[in-house]
Amino acid sequence: MLAMLMFAAIALGRPHDARAFCGFYVGKANASLINHASQVVVAHRDDKTVISLMNDYQGEPSEFALVVPVLVVLQKGQVHIGDRELFTKLDAYSAPRLVEYFDPNPCEIMRPMAMGAAGAMDMAKSSARNEAEMKTLGVTIEAEYTVGEYDIVILSAKESSGLETWLQQSGYRVPLGASRALAPYIRQDMKFFVAKVNLTEHRRAGLTYLRPLQFAFESPKFMLPIRLGMINAQGPQDLIVYLLTENGRVETTNYRTVKLPSGMDIPEYVGGEFGDFYKAMFNQQVKRNDMRAVFTEYVWNMGWCDPCAAPPLSREELKGLGVFWLDEQPGGVGMRGGVMMYPPIGGGALPVMLTRLHVRYSADTFPEDLAFQETQDQENFQARYVLRHAWKGSREACPAAKSYFEEVNRRRGQEAETLADLTGWTIGDVIKKAGLKGIEAPKPWWQNIWD
């Protein structure tokens, strides 16, 4: 089984494929842009953190297991079953998007109008364990309980080899390298959250999928463990982290945090191929940064958006994702100029900032877990790409029309060069696909030296 939520999933049976939610919202059509991308929501303020893990596992529930390093022993009340629909909504709201602009009639004085395009074996109980054997292995069960359809055990260990042996004896198929990957967490005195599906409860609930797991805890560390998930990974992995904080943008402290290129005009034909464009553009950015950077895709106050790829989440939905501080302030929904505003005029923005980070990583390029810090930066940002549609009128319509179309031709050439630079596609192919006539691919910079 592929790494679950970029933490660790250790299967009881044969490996299964994983699928994440399709991702980005473009216009009125969703598209599967980033496959196998795990999603995590982190709500954090002061020393309090709520982490929500999206289980994208597909396969027999009896073969699912999840092992997550945690900073403290989690009691039953600290673990909750979440709503995966909230991941879908948060994804749609914050996804990179296309924006369409339509040129005005050059013969008239008018301003351009913008349109927003937009997761058979019950949990082994401690009573079934040989206490002397566990003591020999240095493994201690700190807590165990059932939450929804999950049986959960919180473990501590003295040695990684002992924990690996315990997992193997408990029926987990531990991948090669587990002991080495577990060792750093044991040295930090971290605990291990182990979850299996309780088949009786799963059948009783009539579920056909595994719901997200959430846990709340207190710790001065603002971090996300990712290294354990690399031990059974088939190549680089993608992780999308939605960070909900009170005041400002979140960045990583132990890796570079880079904003994706945004706001560029690109050829109109990309509107029908946004999936291919975004994957190529992201691949190019990963390559240029040697797969050693974390990319910011979105930063915005959760009270509003412009343009909106999807409506902002409600206060209750945000609380469902762990935003525990919302009860401290009143708020609601209002209207401004016929546009829905969150919260109403005079109420100020919601005390919730969303930072969406996207990282592609491997064991070689990300040797440490992700460490975060909340900044005071509240500047809005979105990965946003512009399709600019030309006016459909005639070149002879008025004297201004001729110079307008000359400018359109120049603009389209620039759009083609921008697209080639963003994606790594050849400029000649872009010009051909865009159907640009009379525009030649720019010559290499060195050609004019001797021509």
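Accessible areas here come from the Shrake-Rupley method with a 1.4 Å probe, and for residues only the protein chains shown count as cover. I'm working on a predicted model, where local features need pLDDT of at least 70, side-chain atom pairs count only at pLDDT 80 or more, and totals for chains, interfaces and linings use all residues. Residues are numbered from 1 along each chain as its sequence is written, and side-chain values use heavy atoms, with hydrogens and water left out.

**Overall count**

I looked up the secondary structure and got 10 helices and 24 strands in the chain. Of the 451 residues, 54% are buried. Buried means under 20% relative accessible area, exposed means over 50%, and partly exposed is in between (1.4 Å probe, protein chains only).

Next I went to S3, residues 37-45, and found nine of its nine residues buried. I recalled that side chains in a regular strand alternate between the two faces of the sheet. In S3, Ala-37, Gln-39, Val-41, Ala-43 and Arg-45 point one way, while Ser-38, Val-40, Val-42 and His-44 point the other way, and all are buried.

Which strand does S3 pair with in the parallel sense? I found S14 (residues 237-245), joined to S3 over seven bridges. Two strands count as paired if DSSP finds at least two bridges between them. Ala-37 stands opposite Asp-238 in S14.

S3 also pairs with S4, in the antiparallel sense, over six bridges. Arg-45 has Lys-48 of S4 as its bridge partner. I noted that S3 and S4 form a hairpin with two residues between them, and that Asp-46 in the turn has a positive phi of about 55°.

From S4 (residues 48-53) I moved on to S12 (residues 213-218), an antiparallel pairing over six bridges. Val-50 stands opposite Ala-216 in S12. S12 is also joined to S6 (residues 79-81), by three antiparallel bridges, and there His-80 faces Gln-214.

**Two open sheets**

I traced a four-strand open sheet in the order S5-S11-S10-S9, with antiparallel pairing. S5 (65-70) and S9 (139-147) stand at the edges with a single partner strand each, so one side of each is left without a neighbour in the sheet. The twist averages 20° from one strand to the next. I checked S9 against S10 (residues 150-157) and found eight antiparallel bridges, with Glu-144 opposite Val-153.

The other open sheet I looked up has three strands in the order S13-S22-S15, again described as antiparallel. Its edges are S13 (223-224) and S15 (250-252); each has a single partner strand, so one side of each lacks a neighbour in the sheet. S13 meets S22 (residues 370-374) over two antiparallel bridges, and Met-223 has Ala-371 as its bridge partner in S22.

**Disulfide**

How many disulfides are there? I count one disulfide, taking the rule as a pair of cysteine sulfur atoms within 2.5 Å. Cys-107 is joined to Cys-398, S to S 2.0 Å. The link is left-handed, with -90° about the S-S bond. Cys-107 is partly exposed at 34% relative accessibility, whereas Cys-398 is buried at 17%.

**Helices, a loop and a patch**

In H3 (residues 160-169) I listed the buried residues as Ser-160, Gly-162, Leu-163, Glu-164, Trp-166 and Leu-167. Gly-171 follows H3, with a positive phi near 100°.

I found Ser-314 in the loop between S18 (293-301) and H7 (315-320). Ser-314 is partly exposed, with 30% relative accessible area. Its C-alpha atom is separated by 8.5 Å from that of Gly-303, 11 residues apart along the chain.

Last stop was Trp-450, which sits in H10 (residues 447-450). Is Trp-450 buried or exposed? At 71% relative accessibility, Trp-450 counts as exposed. With Trp-446 and Ile-449, Trp-450 makes a nonpolar surface patch of about 420 Å². For patches, residues need over 30% relative accessible area and no salt bridge; like charges are joined within 9 Å, and nonpolar side chains (Val, Leu, Ile, Met, Phe, Trp, Tyr) within 5 Å. A salt bridge is a side-chain nitrogen of Lys or Arg within 4 Å of a carboxyl oxygen of Asp or Glu.

Definitions and conventions
Axes are lines fitted to C-alpha atoms, for helices over the stretch in contact, and angles run from 0 to 180 degrees between N-to-C directions.
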